[in-house]
Amino acid sequence: LQEYDGSEKEYWNELPEIAYGKLLENNNFSKFDYLVVDEMQDLMNADCLDVIDLMLEGGLKDCEMDFFGDFEGQDIYSGGSKKFIDEFRKNYSPRAQGYLLDENCRNTPQISSCVQYLGLLDPPYNRVLRGDDGISPAIRFYSSAEDQLQKIDAYLSDVFDQGFKRND
């Protein structure tokens with residue numbers, strides 16, 4: 001793609017349309033026969049699904065696939081893609097199955113509690129699989145973009161002073 005001069009939100013909104021057009025221009029590309037997608041909640045919109053559908057042998061209706069996503073706690077783009085799952089089954093893949101995964105296996109209990117509280121997760125995590133490392137979440141408030149940058153800079157300075165390297 002050529003360099004994009006618009007906003008980040010516009011870029012991500014227009015990217016599926018651009019990709020769809022490029023795929024139609026080059027209709028002799030090899031299609032995939034099996035698809036695995038993580039963070040599917042980020043792609044659960046008609047434009048992205050149309051691109052995915054076009055790239056699959058037999059389309060979404062007949063392909064073999066495994067999709068993973070957190071439609072409860074990480075749906076940051078559509079603000080409600082859980083409702084889109086029924087439409088996905090109806091319009092794209094009637095045999096798609098869904099399973100609720102309510103265990104947080106990535107974060108510590110303190111981070112998970114903070115996420116539940118700040119994110120108003122309902123339902124909350126059933127359990128957290130990682131042990132507690134005793135480190136509390138650090139929450140910083142800022143009053144302007146400049147203040148935010150200053151606080152990020154100060155935080156990173158503290159982290160580097162503790163011995164962390166940039167690639168950590």
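Is F67 buried, partly exposed or exposed, given its relative accessibility? At 23% relative accessibility, F67 counts as partly exposed, where buried means under 20% relative accessible area, exposed over 50%, and partly exposed in between (1.4 Å probe, protein chains only).

The structure is a predicted model, in which local features need pLDDT of at least 70 and side-chain atom pairs count only at pLDDT 80 or more, while totals for chains, interfaces and linings use all residues. Residues are numbered from 1 along each chain as its sequence is written, and side-chain values use heavy atoms, with hydrogens and water left out.

**Aromatic pairs**

A search of the whole structure finds 2 aromatic pairs, a pair being rings of Phe, Tyr or Trp (its six-membered ring) with centres within 6.5 Å, called stacked if the planes are under 30 degrees apart, edge-to-face if over 60, and tilted otherwise.

| Pair | Centre distance | Plane angle | Class |
|---|---|---|---|
| F67 and F88 | 5.9 Å | 50° | tilted |
| F88 and Y92 | 5.9 Å | 25° | stacked |

Because F67 lies in strand β2 (residues 64–67) and F88 in helix α4 (residues 82–91), their pair ties together parts that are 21 residues apart in sequence; helices (H or I, at least four residues) and strands (E, at least two) are DSSP runs, numbered from the N terminus. F88 is buried at 3% relative accessibility, as is Y92 at 13%, and F67, F88 and Y92 form one aromatic cluster.
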